[in-house]
Amino acid sequence: MEHPENSEEYKGLVVNKGIEQPSSVNPYLKRKPKKRQLSVAEFVEGITKGDVTILSQAVTLVESVKPEHQAIAQEVIEKCLPYSGNSIRVGISGVPGAGKSTSIDVFGLHVLEKGGKLAVLAIDPSSERSKGSILGDKTRMEQLSVHPKSFIRPSPSAGSLGGVARKTRETIVLCEAAGFDKIFVETVGVGQSETAVHSMVDFFLLIQLAGTGDELQGIKRGIMEMADGIVINKADGDNLERAKLAATQFRSALHLFPAPESGWTPQVLTYSGFYNIGVKEVWDMVYAYIDFVKENGYFEYRRNEQSKYWMYESINEQLRDSFYHNPKIEAMLQEKERQVLGGNLTSFVAAKSLLDTYFEDLK
Ligand code: GDP
């Protein structure tokens with residue numbers, strides 16, 4: 001470019017020519033070819049060899065809502081089934097702040113001391129990837145997340161609880177086929193998700209805190225009844241005595257419940273995840289339970305019952321989906337609802353007419 005300042009008129013002023021700027025686009029960069037989708041056989045081979053990258057990709061397919069992804073995922077799961085089942089599955093529940101992440105970090109390191117591999121999964125129907133998943137977030141488990149033998153996967157993103165839980169259940173199969181022999185399934189202890197977790201684990205561990213003395217009232221009876229072990233966290237410092245007191249209260253409360261089907265007496269322990277006190281005792285309890293139920297046959301029995309449960313769950317979910325996504329039903333539903341609310345139609349007649357339309361449409 002010519003600089004007018006360099007003309008004769010401007011004496012004593014010289015402007016250098018400057019250097020041509022390179023293009024801001026890298027001319028050598030070729031567009032990366034789109035990654036080829038692995039075949040079912042490649043997925044199964046990678047998973048059974050313990051390839052964590054392939055395992056992750058398969059889990060992503062399991063979680064996908066796209067029918068073409070689901071088709072592959074279902075085939076992969078089916079082929080992985082014969083390699084699954086060889087693990088202990090532990091559900092870990094507790095209200096936010098109970099210390100689940102802190103505890104899972106130390107629990108995980110503890111169980112890995114014996115060797116093997118650990119997968120940490122989560123069920124949190126309220127989580128959405130985009131907002132940053134609440135559970136299973138790698139950064140919450142500092143030591144485990146960098147452990148070479150651990151695989152941490154956040155909760156499948158928000159959806160119906162049944163859907164989220166089913167995906168986690170299917171992910172368990174893939175993880176086991178990949179050689180993970182310890183599976184933790186974490187959930188927030190605030191309601192329905194415990195039932196879902198309970199239906200896919202061998203041991204259900206409930207993390208509690210010592211409260212103000214009336215803490216037992218705040219806990220849903222159903223959740224306590226599901227627990228194979230209740231552990232009071234933060235039994236350290238000033239809180240130690242209160243934790244011990246809470247343990248006594250939980251023990252006496254448990255006496256009021258009917259004896260569990262497993263024949264096992266649920267235990268109550270105190271520990272501190274943060275200071276790593278009593279962690280060994282917690283896991284001695286879990287292992288003692290596993291030995292106990294393997295001995296009396298309950299372990300096998302329950303896994304079979306769980307498989308049955310998931311078969312029906314799966315049927316229910318797909319039927320529901322098919323019904324509510326049927327275009328004729330979608331078109332009628334709101335009107336029927338209005339009529340029922342307005343008292344112009346009884347619930348049963350409305351339901352019958354919707355179902356009749358649906359079944360007619362299937363013909
Ligand atoms: P989560 O919401 O159940 O996953 O709970 P976190 O693991 O995030 O813990 C909640 C808070 O409790 C954090 O500030 C932890 O540092 C603290 N905490 C967790 N475990 C213990 C413990 O054993 N003792 C004490 N004193 N604090 C703990």
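## Overall make-up

The protein chain contains 13 helices and 7 strands, taken as DSSP runs (helices H or I of at least four residues, strands E of at least two) and numbered from the N terminus. This is a predicted model, in which local features need pLDDT of at least 70 and side-chain atom pairs count only at pLDDT 80 or more, while totals for chains, interfaces and linings use all residues. Residues are numbered from 1 along each chain as its sequence is written, and side-chain values use heavy atoms, without hydrogens and water.

## Dimensions and burial

The radius of gyration of the protein chain is 28 Å, whereas a compact globule of 363 residues would have one near 21 Å; the value is taken over C-alpha atoms, and the globule rule is 2.2 Å times the number of residues to the power 0.38. Along the principal axes, the C-alpha atoms fill a box of roughly 105 × 65 × 45 Å.

Of the 363 residues, 43% count as buried, meaning under 20% relative accessible area with a 1.4 Å probe, protein chains only. Among contacts (heavy atoms within 4.5 Å) between residues at least 6 apart in sequence, 74% join residues at least 24 apart.

## Strand E5 and its partners

Strand E5 (residues 203-209) is largely enclosed by the rest of the structure, because 6 of its 7 residues are buried. Strand E5 pairs with strand E1 (residues 88-94) in the parallel sense over 4 bridges; pairing requires at least two DSSP bridges between two strands. Strand E6 (residues 229-233) also runs parallel to E5, joined by 5 bridges.

Leu205 of E5 is the bridge partner of Ile92, and the bridge partner of Leu205 in E6 is Gly229.

Methods:
Buried < 20%, exposed > 50% of the residue type's maximum accessible area, 1.4 Å probe, protein only.
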